[in-house]
Amino acid sequence: MSSQPNARRQVYLDHSATTPVRPEVLAAMLPYFAGKFGNASSVHSWGYEAREAINDAREKVASLIEAAPNEILFTSGGTESDNLAIRGVARARKSKGNHLITSQIEHHAVLHTFEALQKEGFDVTFVPCDKYGLIDPDGVRKAIRKDTILISVMHGQNEVGTIEPVKEIGAIAREHGVLFHTDAVQSVGKVPINVNDMNIDLLTLSSHKIYGPKGVGALYVKRGVRLTPQLTGGAHERRMRAGTENVPGIVGFGEACRLAKAELPEESRRLTKLRDKLIEGILRQIPDVILNGHPVLRLPHNVNVSIKYLEGESILLNLDRMGVAASSGSACTSGSLEPSHVLLAMGLTHETAHGSLRFALGMSNTEEDIDYVLEVLPPIVEKLRAMSPIGPGSGL
Ligand SMILES: *Cc1c(COP(=O)(O)O)cnc(C)c1O
């Protein structure tokens, strides 16, 4: 990190992109790389040992969302779980209907999967959100047709933090005999989830967003829900996901879920306090800033603001030089500098969307971290605005 000449602190505020593996998780995983290396399908002690470790992890993952262990399928991550849920249901229920419903503000793992199905001939309705990024359950109800087979609406929005009314949407889906999937990658471990109480048929989880290893995730599939497998091969994961299980990854994911469940109420409260301190500080100290996302129905770890007249990317570079890691709402990495589809769906102008910054808090963050950000961010904004060709006085 030699590009941080002035950093007096390292503050990682990008926990929605990924999180570090926590030490307890790493310790749980290590034996399964070499000593306990068995293939869980093998009929001998090495195999049984791996099988038992997977079963134990399955119970821990299930427990975090109040599901039964045999309703959990392990996958390679959130992206695969979203793909398996959406394509798997679309293909399995094709004879029942051709219509699918999702929202305009889904993660690309969901959005691009629906777009691919659209090209294959499925009819897809993308329901809009309001200015807070909230999906109206009534809008979903109105989109339902006789041939609707699946609704997918995310739980916690990954960019702006809005918590969607999934319980209400799930109830509407059930009323109409339509299956309901939710991508809960950002809300799992942060907000209590009970899949039965919330009327959820399929739910996506990812390990590396909750202090587990990368490359492992799970899909909750309610008992009785049928999926067409998307990988062909062996009979792993109740024939729904072929491939030798990633035993160390699954063990780590299980431990991460166990810890998340044990710590959820207290950690959620702690993050909410830090979140609100950061939001209030930014709004108080920097003029012409707007909070993106819902002020109350919000993930405990998400802060998203638009700093008017500036590009999020240039603020990010300056923050990085001060040791602060955040993210912005324009996908410059994809080479396009297209503003986020989420912010545009919420009605932000291109200019305001380009000035968005996301701070995603996590376990390691302290009150001192927030003080530090509130100390370094205002002068960065002031400096950049002084150099900016657009601004309140420029008429742009
Ligand atoms: C990170 C993320 C994903 C993708 O999960 P991976 O495990 O990285 O594939 C899907 N949905 C949401 C909301 C996410 O934040």
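How many residues of domain 1 are in contact with how many residues of domain 2? In this predicted model, 29 residues of domain 1 touch 32 residues of domain 2.

**View 1. Domain 1 meets domain 2.** The chain splits into domain 1 (11–20 + 264–394) and domain 2 (23–260). Their C-alpha centres lie 28 Å apart. About 2,500 Å² is buried between the two domains. Carbon and sulfur atoms give 58% of that area. On the domain 1 side, Leu264, Leu299 and His341 lose the most area to domain 2. Together they make up 25% of what that side buries.

**View 2. Phe74 and Phe253 form the one aromatic pair in the structure.** Two values describe such a pair: the distance of the centres and the angle of the planes. Here the ring centres are 6.2 Å apart and the planes meet at 75°, so the pair is edge-to-face. Phe74 sits in strand S2 (residues 72–75), and Phe253 in helix H7 (residues 247–285). The pair links distant parts of the chain, 179 residues apart. Both Phe74 and Phe253 are buried.

**View 3. Helix H2 packs through its buried residues.** H2 (residues 45–64) has 20 residues. From first C-alpha to last, H2 reaches 29 Å, close to the expected 28 Å. Its buried residues include Ala50, Ile54, Arg58 and Val61. The buried residues of H2 pack against S2, strand S7 (202–206), strand S8 (217–221) and H7. Just after H2, Glu66 takes a positive phi of about 60°.

**View 4. Lys94 lies over the face of Phe122.** The distance to the ring centre is 4.1 Å.

Notes: Residues are numbered from 1 along each chain as its sequence is written. This is a predicted model: local features need pLDDT of at least 70, side-chain atom pairs count only at pLDDT 80 or more; totals for chains, interfaces and linings use all residues. Side-chain values use heavy atoms; hydrogens and water are left out. Rings of Phe, Tyr and Trp (its six-membered ring) pair if their centres lie within 6.5 Å; planes under 30 degrees apart count as stacked, over 60 as edge-to-face and the rest as tilted. Helices (H or I, at least four residues) and strands (E, at least two) are DSSP runs, numbered from the N terminus. Buried means under 20% relative accessible area, exposed over 50%, partly exposed in between (1.4 Å probe, protein chains only). A charge sits over a ring if NZ of Lys or CZ of Arg is within 6 Å of the ring centre and within 35 degrees of the ring normal. The expected span of a helix is 1.5 Å times one less than its number of residues. Contact means heavy atoms within 4.5 Å. Domain bounds come from an automatic or database domain assignment. Buried area is the accessible area (1.4 Å probe) that two parts lose on being put together, summed over both.
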